[in-house]
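Here is a short report on a protein model with a ligand. Please look at the sequence and structure before reading on.

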Amino acid sequence: MSDEQPELESYPPSPEFAANANATAALYDEAEADRLAFWAAQANRLHWATPFTEVLDWSGAPFAKWFGDGKLNVAYNCVDRHVEAGNGDRVALHWEGEPVGDARSITYAELKDEVCRAANALTDLGVGKGDRVAIYMPMIPEAVVAMLACARVGALHSVVFAGYSAAALRARIEDAEAKMVITSDGQYRRGAAAPLKPGVDEALSGMGDCPVRNVLVVRRTGIDTPMTEGRDLWWDEVMNTVSNEHTPEAFESEHPLFLLYTSGTTGKPKGVVHTSGGYLTQSAYTHFNVFDLKPETDVYWCTADIGWVTGHTYIVYGPLANGATQVLYEGTPASPDEHRHFQVIDKYKVTIYYTAPTVIRTFMRWGRELVREHDLSSLRLLGSVGEPINPEAWRWYRHVMGKDQTPVVDTWWQTETGAIMISPLPGVTDCKPGSAMRPLPGISAKIVDDDGNELQPAPEFGGEATGYLVLDKPWPSMLRGVWGDPERFKETYWSRFAEQGWYFAGDGARYGSDGEVWVLGRIDDVMNVSGHRISTAEVESALVGHAGVAEAAVVGATDAHTGQAICAFVILKEHAAAQSTEDMVHELRAEVAREISPIAKPREIHVVPELPKTRSGKIMRRLLRDVAEGRELGDTSTLLDPKVFEAIRAAK
Ligand code: WT7
C-alpha cells in the first residue's frame, strides 16, 4: 500500500466491536435532533449537587456559560461517587515507576483517602477557592492527588511540565500569582535520579515580589534537598497530620478548574482557563465514547505527561470521572530499554492505548520484530493525538500493535478545546489512515476559505482546496479565556472570523472525498515538535536573550521523526562573531534549554549575515522554511534584498 491515496482506504470496525460499542450511529442523530438537550444528557452522567436548568448561555460570546446555574464538585465526581457506588476496591491507578519493579496500585477508596488528606492540607495552609497552585512534578500518583485536591477545594491548578526550566516555571508562577507550589525532591530520568526541587528554589529566588507562601515537596528519589525554613514542607509529613475525611463543597459550574499555559504566536505563553461543569462533561463523554470505555473490564493507558492537556483530560479528569482503571507510567518508552511500553501493556493487560504519532514512529524505527516478542493481545483499541499522523505510521500502528483488528482513533483537539472535537467513533466509523474523520456528535466544525465560505466537500473537489478549520458553535469544554487577558483571548481566537462568531485556533485542513476532515497542521507561527507545542517567537526571544545575538528567526521544518524540527537563523553581534561558530551554537542551544526547556532546543542553528525581510521589516519565515527544508525558494518578489539568500546559503 502506498502513502499516496490513503483517502481511498477504509477500515471499518469489526462486527463484534460495532455490536458492543458504547456509541452507535444513533448518537449523531440524537445530537443532530437537539444539540443542547444532547449536551444536557451528557452532563447528567455526572453528579450535580445542584442540578442545572440552563444548558448554554452564549449571550456573552465569546465567553460561554455551560450549565451555569448548576453546582458540582469535580473531585467528588472523579473519586467519591465511585466509592459510594460500591466500586471502592476497583483499581484507579496502576502506577508503574521508571525503575523496574517500582510499582503501586491504588484503588478508588485509597485515592479518596489521599485526595481528602491533601484537600485538608491545602485548607490548613490557607489555600482555598480561587487560589492558584503551581504543580511541578513527575508522573507519580501524588501529582494526580494534588490536582484533584486543588479541584476539591476550588483552587486552580497550573501544572507546569517538569521538563520545563526554572525560568519557564517562574514566568508561569508570576503570571498566575500562585500561592503554593507542589513539587518533588527529584525525578527519575533514564535510570538516574535528577533533582527537581532546586528548580523551584531558583524560580522563586528570581522573583521580586514572590506570591508563593509554601512549597510542598514529595519525596520521590530521596536525593539531598535543601528546604527553606518556614516555607518548604515535606508532603508526607504534612499528610500524616491531617484527616482522611473531607466534605467536598459544590462550586458553580463555571468556577475555574485550572490554568494551563500553552504557546501562542508571541513570546509570552498564555494561561488557558478551563472551568468545571462543561469541561468535565465533555471530558467524560469523549473518554467514554471515543475510547469505548468499559469501566469494569478495561485497562486504559494514556502515555501523555500530566504537564500537557492530554494528561489533564485523558489521565485525570475523563478516565476518573468514568471510574476507569488505568496505567500511570513515570518514564520514557526506552527506559531501561525499548521493550518497556510493550512489557507494561502485557503486565497490566492494557486494552486501550493512547499515544502520540512521534512515539509510534519511534516504535517503527525499533522494528516490528521487537514488538512481536511481546503479547499485546489484550489491546482492543488504539488512539493517536498531538499532530497529524502520517498514513504509514497509522497503518503500522494498526497492523503491528493492533493485529489488523483494533480500531485506531485519530483524535483532533487542542489545549483550548479542552477535549476531543474531531475523531472517529470506534464502533461506527470506517476510518481512513491519517484522517480524524468527523466532528463528534454535539460538535460542529467547518473548513472555510479566507472569506468564511465553506469549502466544497463534494467528491470531485476532495483533496484539492485547503482552508481554515473553524469551530462554528460553542462546546462545553471550550476555554473560557486567557488568564488575566480578555483582549488577548478575543484577538487570538475570535478575531479571524469575528463577523461570523467562529473560533479559529490556527490549523489548516481539507475535506476528503467522503466529506471527512484531514487536518494539515498549524498555519500560524506555532511549531509542533513531537506533539509539543512551541512558538517560533518564544524560541526567538530565548535566542536574542543571549548577549551575543543581534537577531534571530525561527521556523519549523518538516522532520520525518519529530513531525517538525526547530531551525534557527541568527545574526551575531560583532563581538560575538569572533567566537567559533561551533561554540556559539552550543551556547545558544544551552540558552534555549535554560530559558524554555530541552524540548525546545533547535535541531539546527545557522549563523547568518542577514535575514530575509519584507520592505515593512517582517521576517519572511516562509522563505526560511524553504531553505531549512532544502527547497527551491518560493516567491521572493517582496523581499527587501533578494541577494540575502546567497549569503544565507553560503553560511549554511
Ligand atoms: C495542536 C494542539 C490535543 C492535545 C495535544 C496537543 C495539533 C493535535 C491532532 C491530530 C492533527 C493535531 C494541531 C492542534 N494536533 N491533534 N489528531 N491531527 N493535528 O495539544 O499542544 O494544544 O496542540 O496540535 O495542530 O492545533 P496542543
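This is a predicted model: local features need pLDDT of at least 70, side-chain atom pairs count only at pLDDT 80 or more; totals for chains, interfaces and linings use all residues.

**The ligand site**

The shell around the ligand holds 17 residues. The closest are Asp410, Thr411, Thr415, Asp507 and Arg533. By class, the shell has six nonpolar, six polar and five charged residues.

| Protein atom | Ligand atom | Distance |
|---|---|---|
| Asp410, polar side-chain atom | nitrogen | 2.7 Å |
| Gln414, polar side-chain atom | oxygen | 2.8 Å |
| Glu387, polar backbone atom | nitrogen | 3.5 Å |

On its own, the ligand has 550 Å² of accessible area, and the protein covers 95% of it. Which elements give two or more residues to the shell around the ligand? They are helix 11 (309-321), strand 20 (408-411) and strand 25 (517-522).

**The second largest pocket**

The second largest pocket contains about 270 Å³ of space. Its lining counts 18 residues. Nearest the centre of this pocket lie Thr265, Glu491, Thr492, Tyr493 and Asp524.

Two elements, helix 16 (486-494) and strand 24 (503-511), each supply at least two lining residues. Helix 16 gives the most, with four. The lining divides into four nonpolar, six polar and eight charged residues.

**Thr275**

Thr275 sits in strand 15 (residues 270-275). Is this residue buried or exposed? Thr275 has a relative accessible area of 4%, so it is buried; the cut-off for buried is under 20%.

With the side chain of Glu254, the contact is 3.0 Å. With the side chain of Arg480, the distance is 3.4 Å.

**Ala324**

Ala324 belongs to the loop between helix 11 and strand 17 (325-329). Helix 11 is also one of the elements that give two or more residues to the ligand shell. Ala324 has 0% relative accessibility and therefore counts as buried.

How far apart in space are Ala324 and Ala176, C-alpha to C-alpha? The distance is 32 Å, with a sequence separation of 148 residues.

Note on methods:
Residues are numbered from 1 along each chain as its sequence is written. Side-chain values use heavy atoms; hydrogens and water are left out. A residue is near a molecule or strand if one of its heavy atoms lies within 4 Å of it. A polar contact is a pair of N or O atoms within 3.5 Å; within protein, one must be able to donate a hydrogen and the other to accept it, and residues adjacent in sequence count only if both atoms are side-chain atoms. Accessible areas come from the Shrake-Rupley method with a 1.4 Å probe; for residues, only the protein chains shown count as cover. Ala, Val, Leu, Ile, Met, Phe, Trp, Tyr, Cys and Pro count as nonpolar, Asp, Glu, Lys and Arg as charged, and the others, Gly among them, as polar. On a 1 Å grid over the protein atoms alone, a cavity is a set of points where a 1.4 Å probe fits but cannot get out, and a pocket is an open set with protein on both sides within 12 Å along at least five of seven lines; lining residues have an atom within 4 Å of a point. Grid points are joined across faces, edges and corners, and a volume is the space filled by probe spheres set on the points. Buried means under 20% relative accessible area, exposed over 50%, partly exposed in between (1.4 Å probe, protein chains only).
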